[in-house]
Amino acid sequence: MTTRHVTVGVDGSLIAVRALDRAAEEAALRGTVLEIVYAVADLDEAGPVLASAVSRVRKRHPDLSVTAVPAVGHPAQVLATLGRRAALTVVGTRGFGGVTGLLFGSVSLRLAAHTDGPLLVVRGDHRPTGHGEVLLAIEGDADVDAAAYAFAEAERRDARLWILHTRTHRQPAPEAPTPVLVGRTTRVQDSIGRRTSAEKVAAGHAVAALQEKYPQIGIETRTVGSGAAHALLEATRAVDVVVIAAHRRPERLGLRLGPVTHALLHRAHCPVVLVPDGQYDESHT
C-alpha cells in the first residue's frame, strides 16, 4: 500500500518557511515524499525560491525525499488541484484581525473553501510547540472523517487526543410570552434538543469505533453548547494541532465555511487541519 505524499505551498516569505518546516515534519512522520510547490505568473521566478526551500528541508531532514514543482497559476487553484492526490496539503497564513464573511484574497482561505483533501493551515505568528496533545472539534456523525484523521494524527505523534463535542444550534427566544409563541418555541427547543442528543450519540459511536481501533491513544472528551468558538480557541493554546471538519455551504459568490471554522482559521493558537466531508482516506495517510 502506497502512502501519498505531502504537498506544501511556498513563496519565499517567512510564513511560507514555517509552513515548509511543518510540512517536512508531517512528511517525515508519514515516511513519504514532500512536494514543494511555488505557483507564479512566470516560471523563471520559481527556481531560486524552490532551490532554497529544498536545501532547507534536506539540511533538516536528510533522509526525506523531496520534489520541487514550479507551476503557473493562482496559488490557491494550483494547490487545490495538486492536493487531490496528496495525503495532506500545507499552507501558511498571517492570521487575521476580524472575521470576514466571504473567502476573498487570502490563499489559505480560498484553498480552505475548495480543497478536496485534508488541509493544514499554519499560522505565521505562532511558533511550533510540543504539548503532546491533538484537539478534535466534532459536531456529529458527519464529522467521522475528521475524527479518523485526528486519531491517526495522535498515533503519528504519540499524543493524547482531546475531543471537544460542540453544539452550534441556537435556541430562539419568544418576542412575547403569548401561548402561541411559547408553544412554538417549546417545540423548536425540543426539536433542537433531540437533534443535539442524536448528534452526540452518533459522534460517540464514531469515536468509540476509532478508540477500539486505536486502543493505545488516551482520550479526554468535553461537550460545549454556547460559546463553542471561544471554547475551541482557548483549547488551542495547549495543543499541537486542532482538527475540524470543513463544513462548507454554497453562496452567491462561492463557498463559505462555518463560523466555528472561520474563527479557528483567524485566531487559533496552533495549526488547524480542515478535513472535508467524505474526502479522507485513512488508508493513504
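Q: Ala-24 first: buried or exposed?
A: Ala-24 counts as buried, at 2% relative accessibility. Buried means under 20% relative accessible area, exposed over 50%, and partly exposed in between, with a 1.4 Å probe and protein chains only. This is a predicted model, where local features need pLDDT of at least 70, side-chain atom pairs count only at pLDDT 80 or more, and totals for chains, interfaces and linings use all residues. Residues are numbered from 1 along each chain as its sequence is written, and side-chain values use heavy atoms, with hydrogens and water left out.

Q: Where is Ala-24, and what does Ala-24 touch?
A: Ala-24 sits in helix H1. Leaving aside residues up to four places away in sequence, Ala-24 touches Leu-34, Val-57, His-61 and Leu-64. Contact here means heavy atoms within 4.5 Å. Helices are DSSP runs of H or I with at least four residues, strands are runs of E with at least two, and both are numbered from the N terminus.

Q: Zooming out, how many helices and strands?
A: The protein has 8 helices and 12 strands. Of its 285 residues, 47% are buried.

Q: And what about contacts and surface?
A: Taking contacts between residues at least 6 apart in sequence, 79% join residues at least 24 apart. The accessible surface is about 13,700 Å², and carbon and sulfur atoms account for 52% of that. The areas come from the Shrake-Rupley method with a 1.4 Å probe, and for residues only the protein chains shown count as cover.

Q: What else does Glu-26 touch?
A: Not counting residues up to four places away in sequence, Glu-26 touches Val-6, Leu-88, Leu-120, Glu-153 and Arg-157.

Q: What do Glu-153 and Arg-157 do with each other?
A: The side chains of Glu-153 and Arg-157 meet in a salt bridge at 2.7 Å, N to O. Glu-153 and Arg-157 are separated by about one helical turn because they are 4 residues apart in helix H5 (residues 144–157). Glu-153 is buried, with a relative accessible area of 1%. Salt bridges that share partners join Arg-22, Glu-25, Glu-26, Arg-30, Glu-153, Arg-156 and Arg-157 into one network.

Q: At what angle do H1 and H5 cross?
A: The axes of H1 and H5 cross at roughly 85° and come within 10 Å. Axes are lines fitted to C-alpha atoms, for helices over the stretch in contact, and angles run from 0 to 180 degrees between N-to-C directions. H1 and H5 are therefore roughly perpendicular. Angles under 35 degrees count as roughly parallel, over 145 as roughly antiparallel, 65 to 115 as roughly perpendicular, and the rest as oblique.

Q: Which residues meet there?
A: From H1, Arg-22, Glu-25, Glu-26, Leu-29 and Arg-30 meet Tyr-149, Glu-153, Arg-156 and Arg-157 of H5. By class, the contact has 2 nonpolar, no polar and 7 charged residues. Ala, Val, Leu, Ile, Met, Phe, Trp, Tyr, Cys and Pro count as nonpolar, Asp, Glu, Lys and Arg as charged, and the others, Gly among them, as polar.

Q: How many salt bridges in the whole structure?
A: A search of the whole structure finds 13 salt bridges. One of them joins Arg-85 and Glu-35 at 3.1 Å, N to O. That pair links distant parts of the chain, 50 residues apart: Arg-85 is in the loop between helix H3 (75–83) and strand E4 (88–93), and Glu-35 is in strand E2 (residues 34–40). Arg-85 is partly exposed at 43%, whereas Glu-35 is buried at 5%.

Q: Last one, how many residues of H8 are buried?
A: In helix H8 (residues 259–267), 7 of the 9 residues are buried. They are Val-260, Thr-261, His-262, Ala-263, Leu-264, Leu-265 and His-266.

Terms used. A salt bridge is a side-chain nitrogen of Lys or Arg within 4 Å of a carboxyl oxygen of Asp or Glu.
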